[in-house]
Amino acid sequence: MTMDIGKLDDEARNILRGNDRGGYTLPTAGLYPYQWNWDSAFAARGFAAFDAPRAWVELETLFSGQWPNGMVPHILFHKPDPGYFPGPDVWGADLGPIASSGISQPPVAASAARAMLEADPAAGRDRAAGLFPKLLAWHRWFMDWRLDRGAVCITHPWEAGRDNAPDWDGAMAAIDPVGVGEYTRRDTSHVNPEMRPTKDDYDRYIWLVQRGRRLGWDEARMLEYTPFRVADPTMTFILLRAQRDLRAIGQALGEDTAEIDGWIATLEAGAETLSNARLGAFDARDARTGEFADCVSSASFLCWYAGLEAPEMLAVYDRVTAACRYPVPSHDPDSAKFNPRRYWRGPTWGILNMMIGQGLAEQGHEARAEALRRVTADLIAEHGFAEYFDPVTGAPAGGKAFTWTAAVWLTWAR
Ligand code: 2M8
């Protein structure tokens, strides 16, 4: 199709400006009224396309909420907003300088910082130098608290950013959310409940939050008994990539990066433990039971973004992307659990496409990367800057005027 690139550029910039709350950017007004961790790093990349100083501020604001133990929370509650549940009163996570959640999210910030530094080394040097020790501390926190056989685990589905992915179904089913009590969701008042996680999911999400709160969000105490601990391809591949990017930043700044070299080796070995031979693909692995989830997801295809060659994943990628018009679906269309509308159980997400496309190109698979870029551009041009899209029809879903979709347009899809 023909698309008006200039008009789409304007729209994307207006979305970023419109969601800007002064130093940080909302994913979308209404549904997500706070600063989310990985959304914010993607927002920084979007701003970098037209306002580099504002891009650095986005990352600096994110790190202003870093906890003393190095963790960077998945939500920073800068200003109370009753439109989102669960808010700071439910999390009770008061260990950091800003009210926040008690868990983290996929660490894409170092990768954003590297891209921004390389785009303008002179202007970016001081900003990158300010962030480097903070990024290092966050990455160390993952290495200290989240590894299982070298792969990175999540302790809550929200930590992966793929909230209701079928990858967690087994681990979630093992939780009995006894005593969770009454609560009122707000997400389903903003968007169609059919596009959101179910009540069974939410009971377990909240039960896990209540448990973390009872344990004072103390990682050592939480590790003594872990009701939910899943080694996750999103986290593992994204952290591996982020370590390589952090090492490049460190080298540009003349820092000692030996510690990061060790982390990369550990994570490379850990990534192999996510290879499910029965499935022929990278998969989530329950660290408590050792069982694989038997799920091909869009996160399985982050292997190339992580810097792995993974030639065996190409045929899987070709099968999955051929199965729907607007790939990459978040869950395998040939699986009985595939649902093209329900959030992370089928829909296509621009940020995953961008990371998969970058990885494919870096590993020499340019034709696939270009085809994916084009399909993502078509999706946005035809259906707008939605939170996510139906992979079969392209229909927009979830929140509108979405920050990370605008950022994907400006940085990669256009
Ligand atoms: C979604 O997650 C939040 C909880 O963190 C929610 O549904 O309330 C996910 O898509 C997550 O990846 C994303 O960061 C967040 C904000 O866009 O929304």
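1. The model is predicted. The chain averages a pLDDT of 97, with 100% of the residues at 70 or above. For the complex, the predictor gives an ipTM of 0.99 and a pTM of 0.98.

2. Around the ligand sit Pro27, Tyr32, Trp36, Trp38, Asp39, His74, Trp158, Gly161, Asp163 and Asp187. By class, this shell has five nonpolar, two polar and three charged residues.

3. Helix H6 (residues 121–145) is kinked by about 35°, centred on Ala128. Ala128 is also one of the buried residues of H6, which include Arg127, Trp138 and His139. The cover over the buried residues includes helices H3, H5, H12 and H13, and strand E4.

4. Check two cis peptide bonds. One joins Phe85 and Pro86, with omega about 0°. Pro86 lies in the loop between strand E2 and helix H4. Another runs from Pro327 to Val328, with omega near 10°. Val328 is in the loop between helices H14 and H15.

5. Trp217 is not a glycine, yet its phi is positive, near 55°. Its place is the loop between helices H10 and H11. Trp217 counts as buried because it has 24 C-beta neighbours inside 10 Å.

6. Asp294 also has a positive phi, about 60°. Asp294 lies in the loop between strand E8 and H14. With 18 C-beta neighbours inside 10 Å, Asp294 counts as partly exposed.

Methods
Residues numbered from 1 in each chain as written. Predicted model: local features only at pLDDT ≥ 70, side-chain atom pairs only at ≥ 80, totals over all residues. Near = placed C-beta within 6 Å. Nonpolar A, V, L, I, M, F, W, Y, C, P; charged D, E, K, R; others polar. pLDDT = per-residue confidence, 0-100. Bend = angle between axes of the 7 residues up to and from the residue. Helix = DSSP H or I, 4+ residues; strand = E, 2+ residues; numbered from the N terminus. Buried ≥ 20, exposed ≤ 12 C-beta atoms within 10 Å, placed from the backbone. Contact = placed C-beta atoms within 7 Å.
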